[in-house]
Amino acid sequence: MGAKNVNEVTEQTWKDEVFPEWGTWLNEEIDRTTVPSHKFMMWWLVNMGVWIKSDQQTNVAIDLWCGTGKTTHDKTDMSPRHQWSRLTGGRRIQPNLRSQPMVINPFAIHHLDALLVTHFHHDHIDMNVAAAVLQNTPDTVPFIGPKYVVQQWLDWGVPKDRCHVMKPGDVIKIKDIEIEATDSFDRSVLITDPDSKELPADSTVPNMDDRAVNFVIKTDAGTIYDAADSHYSAYFAKHGKDFDIDVALVAYGENPIGVQDKMTSIDVLRAAESLDTKVVIPLHWDVWSNMLGDPNEIEALWKLRRERFNYQFYPFLWLPGGRFTFPDDRTKLQYYHDRGFEDRYTHPINLPYKSFL
């Protein structure tokens, strides 16, 4: 701690001392990890944020968000145009407090090859992350997303020549990684107003392709399908035919009454089966205090239904900040952080007597 005396402690010194809660621990782990040949690794950055690193050490970050939810009770009611007002007819603000720490410091990111954002909901796109990437990574790093995401970046001051608009069917190559945009099924984003002066009429059915995309990330070791905030869709089965998917990332959560925003536990299993993936990883359940999900429910349902429906996939229950390695973790069901103490008894113990413990 910088302060030596209580009289030197202020609110700002406290914030500087404890935030971000993980400091640069995860930044260092990602930077210092060399991915072996014929494998890829991923780290969960909270919510739908994921870091992907290939065996050519190519780094791609998706939906990295370092913001917060409600921080005070003194908030005005939602406007009639807010997506939840439009959906539920309610006006009271949702009590969505952030439930997870900041596991990565965006300003300590130096080795990045592309920043991807799936849609413009503000728990997926972040001005702080955009600024950090501009300030601390090479000026060749592209900002990739659908039309309205790119417009948000431009409004924030991201140079136009750094931005790359993608719509379903578009493909971009980032070193050894091939990224294809495909259809999103995020119906919530269709009733969300973008940060724009020209808002569509309430009766307008917007073009999803301008607002959101899913990403298919192809590496030499396997393919990741990022469904972002997509709801369950029967069309997942088409994507399962179109792509050879190894790992699917989906948004799961406990929907409040009157709200349909995240996949349910059974939706996660249906999506995995439709996508014909080898592994399904539920994300997004962790971050909002009013929508916290329990992924153990997914595992329980999977065990209940696995033999009956001959499931060929495994659910993987992650923890924020954790690592996933493919194909090593293909059949692993749950993640747990490193428990440490692997060097036990490598030095003499220092106890009054052996039976002290």
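In which sense do strand β8 and strand β9 pair, and over how many bridges? Keep that in mind as you open the structure, which is a predicted model.

**Stop one: the sheet.** Select β8 (residues 177-182) together with β9 (residues 214-219): they pair in the antiparallel sense, over five bridges. Pick Thr182 and look across to β9, where Asn214 is its bridge partner. Now widen the selection to seven strands, which form an open sheet with mixed pairing, ordered β7-β8-β9-β10-β11-β12-β13. At the edges stand β7 (171-174) and β13; each has a single partner strand, so one side of each lacks a neighbour in the sheet.

**Stop two: helix α10.** Next, select residues 296-309, the 14 residues of α10. At 1.5 Å a residue this helix should span 20 Å, and its end C-alpha atoms lie 19 Å apart, which agrees. Centre the view on Lys303, where α10 bends by about 30 degrees. Then show the side chains of Ile298, Glu299, Trp302 and Arg305, which are buried. The buried residues of α10 pack against α9 (265-275), β12 (279-283) and β13 (314-315). Step just past the helix to Asn310, which takes a positive phi of about 55 degrees.

**Stop three: the aromatic rings.** The structure holds 17 aromatic pairs. For one of them, select Trp318 and Phe324: the ring centres are 6.3 Å apart and the planes meet at 75 degrees, so this pair is edge-to-face. Both Trp318 and Phe324 are buried.

Key: Residues are numbered from 1 along each chain as its sequence is written. This is a predicted model: local features need pLDDT of at least 70, side-chain atom pairs count only at pLDDT 80 or more; totals for chains, interfaces and linings use all residues. Side-chain values use heavy atoms; hydrogens and water are left out. Rings of Phe, Tyr and Trp (its six-membered ring) pair if their centres lie within 6.5 Å; planes under 30 degrees apart count as stacked, over 60 as edge-to-face and the rest as tilted. Buried means under 20% relative accessible area, exposed over 50%, partly exposed in between (1.4 Å probe, protein chains only). Helices (H or I, at least four residues) and strands (E, at least two) are DSSP runs, numbered from the N terminus. The expected span of a helix is 1.5 Å times one less than its number of residues. The bend at a residue is the angle between axes fitted to the seven residues ending there and the seven starting there. Contact means heavy atoms within 4.5 Å. Two strands pair if DSSP finds at least two bridges between them.
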